[in-house]
Amino acid sequence: MKRLQYITWQMNARYYDLDWFRYNKVKRLYPKWFIRETLRLVPFYAKRKMALALGLRRSKDFFKEDLENGGELCKGVI
């Protein structure tokens, strides 16, 4: 079961990358929500990407962290 959760987490991480966030239709339909979510999530994901790039953390570390936090940010970063 945990392997399936990890594969799903990886799939979401690949789909919901920063390019998706920049180019989706949501920002035109819900601009206030989009700005609020951008201010909340972009710094979070940037920190994760930096930790991965520097070799400080692994994607499985983020997977475990997301599961412990109730899955609210289970869009991962890989």
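Reader: How many Å does α1 reach from its first C-alpha to its last?

Author: Bear in mind that this is a predicted model. α1 has 14 residues. At 1.5 Å a residue, the expected reach is 20 Å. The span from first C-alpha to last is close to that, at 20 Å.

Reader: What does the secondary structure of the protein come to?

Author: Reading from the N terminus, the elements run α-α-α-α-α. There are zero strands. The count of helices is five.

Reader: Of the 78 residues of the protein, what percentage count as buried?

Author: To count as buried, a residue needs under 20% relative accessible area. The protein exposes about 6000 Å², and carbon and sulfur atoms supply 61% of that area. Of the 78 residues, the buried share is 26%.

Reader: Which residues of α1 are buried, and what do they pack against?

Author: In α1 the buried residues are Tyr 6, Trp 9, Gln 10 and Ala 13. They cover an arc of only 100° around the axis, so they sit on the same side of α1. The face turned away from that side carries the exposed residues Leu 4 and Met 11. The buried residues pack against α4 and α5.

Reader: Where do the buried residues of α5 fall around its axis?

Author: α5 covers residues 59-68, and its buried residues are Ser 59, Phe 62, Phe 63 and Asp 66. Seen down the axis, they fall within an arc of 105°, so they line one face of the helix.

Reader: What covers the buried residues of α5?

Author: The buried set in question is Ser 59, Phe 62, Phe 63 and Asp 66. The cover includes α1 (2-15) and α4 (31-53).

Reader: Is α1 roughly parallel or roughly perpendicular to α5?

Author: α1 and α5 pack with their axes 11 Å apart, at an angle of about 105°. Angles of 65 to 115 degrees fall in one class. That makes α1, relative to α5, roughly perpendicular.

Reader: Which residues make the contact between α1 and α5?

Author: From α1 come Lys 2, Gln 5, Tyr 6 and Trp 9. Tyr 6 and Trp 9 are also among the buried residues of α1. From α5 come Ser 59, Lys 60, Phe 62, Phe 63, Asp 66 and Leu 67.

Reader: Lys 64 and Tyr 6 are 58 residues apart in sequence; how many Å apart are they in space?

Author: Lys 64 is in helix α5. With a relative accessible area of 45%, Lys 64 is partly exposed. Tyr 6 is one of the buried residues of α1. From C-alpha to C-alpha, Lys 64 and Tyr 6 are separated by 9.0 Å.

Reader: Does Thr 38 count as buried or partly exposed?

Author: Thr 38 has its place in helix α4. Its C-alpha atom is 9.3 Å from that of Arg 22, 16 residues apart along the chain. Buried would need under 20% relative accessible area. At 23% relative accessibility, Thr 38 counts as partly exposed.

Reader: Among contacts between residues at least 6 apart in sequence, what percentage join residues at least 24 apart?

Author: The contact of α1 with α5 includes Tyr 6 on one side and Phe 63 on the other. For the protein, the percentage joining residues at least 24 apart is 64%.

Technical notes. Residues are numbered from 1 along each chain as its sequence is written. This is a predicted model: local features need pLDDT of at least 70, side-chain atom pairs count only at pLDDT 80 or more; totals for chains, interfaces and linings use all residues. Side-chain values use heavy atoms; hydrogens and water are left out. Helices (H or I, at least four residues) and strands (E, at least two) are DSSP runs, numbered from the N terminus. Buried means under 20% relative accessible area, exposed over 50%, partly exposed in between (1.4 Å probe, protein chains only). Contact means heavy atoms within 4.5 Å. Accessible areas come from the Shrake-Rupley method with a 1.4 Å probe; for residues, only the protein chains shown count as cover. The arc is that of the directions from the helix axis to the C-beta atoms. The expected span of a helix is 1.5 Å times one less than its number of residues. Axes are lines fitted to C-alpha atoms, for helices over the stretch in contact, and angles run from 0 to 180 degrees between N-to-C directions. Angles under 35 degrees count as roughly parallel, over 145 as roughly antiparallel, 65 to 115 as roughly perpendicular and the rest as oblique.
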